[in-house]
Amino acid sequence: MENPQEVLRECLEKFSTPDYIMEPGIFSQLKRYFQAGGSPEQVIELLSHNYKAVAQMANLVAEWLILGGVKVTNVQAMVENHLKEMILKTFDPKKADTIFTEEGETPAWLTAMIEHPTWRSLIYRLAEEYPDCLMLNFTIKLISDAGFQGEITSISTAAQQIEVFSRVLKTAISGFLTTSDDWQKSIDECGKMVCHGQHTYVYSQVLLHVLSKEAKGGSTMKRLAQEITKCAQQE
């Protein structure tokens with residue numbers, strides 16, 4: 001059981017940060033605070049005193065720009081690009097991993113976030129830089145589950161999780177099977193992916209070996225496996 005005094009200290013520390021009332025975890029923290037015997041007057045004072053309305057002011061400036069004649073799409077791009085730059089500069093993987101601790105489940109905003117190409121590209125960049133971040137690895141899986149595995153072009157990102165890698169590999173093999181013009185390019189792309197590491201190579205070759213036994217398309221899979229072996233020998 002949590003120490004009430006420690007809970008109050010943690011909650012008050014969070015309530016004292018700028019715009020904490022806008023944080024997704026505000027309700028869970030308020031619940032902890034009141035269960036630990038916190039004072040309503042104190043929390044109201046802290047949240048209101050530290051409300052800076054940064055998000056609201058950004059929205060207001062965006063509205064002014066639109067009223068001034070700037071296209072909505074241009075304003076949206078300006079805001080998104082600035083946010084991306086700020087996130088890339090200040091991202092903390094340890095803090096990101098606490099999201100699931102505080103939320104207790106997949107946050108609704110994260111599910112909505114991966115629906116947008118801008119934010120998916122940001123996740124890919126962050127995942128490259130912080131491969132051990134649990135939150136980012138989980139988000140990569142969410143992106144793959146949502147059917148966007150074709151966008152995951154970074155092999156190191158895909159190779160972190162076998163389920164994600166399997167989908168990316170499937171997309172690459174499908175591309176190889178449907179390509180009639182530039183087979184060598186497709187083979188090179190598959191080879192680069194499969195030869196990323198020992199585990200990806202062994203896994204892929206076993207899979208291709210099983211597929212090569214199929215009556216339909218088996219010979220093509222055998223050819224691909226042979227070409228990938230050549231790629232591995234050249235590494």
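Figure 1. D19 counts as buried because its relative accessibility is 11%, where buried means under 20% relative accessible area, exposed over 50% and partly exposed in between, with a 1.4 Å probe and protein chains only. This residue of the predicted model sits in the loop between α1 (4–15) and α2 (26–35); helices (H or I, at least four residues) and strands (E, at least two) are DSSP runs, numbered from the N terminus. The phi angle of D19 is near 60°, which is a positive value in a residue other than glycine. Most residues other than glycine have a negative phi.

**Figure 2. A53, in the loop between α3 and α4.** A53 has its place in the loop that lies between α3 and α4 (54–67), and its phi, near 60°, is positive although the residue is not glycine. With a relative accessible area of 14%, A53 is buried. Helix α3 (residues 40–49) has the highest mean pLDDT among the elements of the chain, at 94, whereas helix α11 (residues 155–158) has the lowest, at 68; pLDDT is the predictor's confidence in each residue, from 0 to 100.

**Figure 3. T200 and the residues it touches.** T200 belongs to helix α14 (residues 198–212). How is T200 classed at 1% relative accessibility? At that value T200 counts as buried. Leaving aside residues up to four places away in sequence, T200 touches A159, F165, M193, V194 and C195, where contact means heavy atoms within 4.5 Å.

**Figure 4. The largest nonpolar core.** A nonpolar core is a set of buried Ala, Val, Leu, Ile, Met, Phe, Trp, Tyr and Cys residues joined through side-chain atoms within 4.5 Å. The largest one has 39 residues, and M135, L136, I140, I152, L208, L224 and I228 are those with the most contacts inside it. At least two residues of this core come from each of α8 (108–113), α9 (117–129), α10 (134–145), α12 (162–178), α13 (183–194) and α15 (218–234), and α12 gives the most, with seven residues. Domain 3 (91–153) and domain 4 (154–234) each supply at least three residues to this core. Another core, of twelve residues, lies apart from it and includes V7, C11, I26 and Y33.

Figure 5. The chain is divided into domain 1 (4–52), domain 2 (54–82), domain 3 (91–153) and domain 4 (154–234), with bounds that come from an automatic or database domain assignment. The C-alpha centres of domain 2 and domain 4 are 44 Å apart, and the C-alpha trace of the chain spans about 75 × 55 × 30 Å along its principal axes. The chain contains 15 helices and zero strands, and 34% of its 235 residues count as buried. Its radius of gyration is 24 Å, while a compact globule of 235 residues would have one near 18 Å; this radius is taken over C-alpha atoms, and the globule rule is 2.2 Å times the number of residues to the power 0.38.

**Notes on the views.** Residues are numbered from 1 along each chain as its sequence is written, and side-chain values use heavy atoms, with hydrogens and water left out. Because the model is predicted, local features need pLDDT of at least 70 and side-chain atom pairs count only at pLDDT 80 or more, whereas totals for chains, interfaces and linings use all residues.
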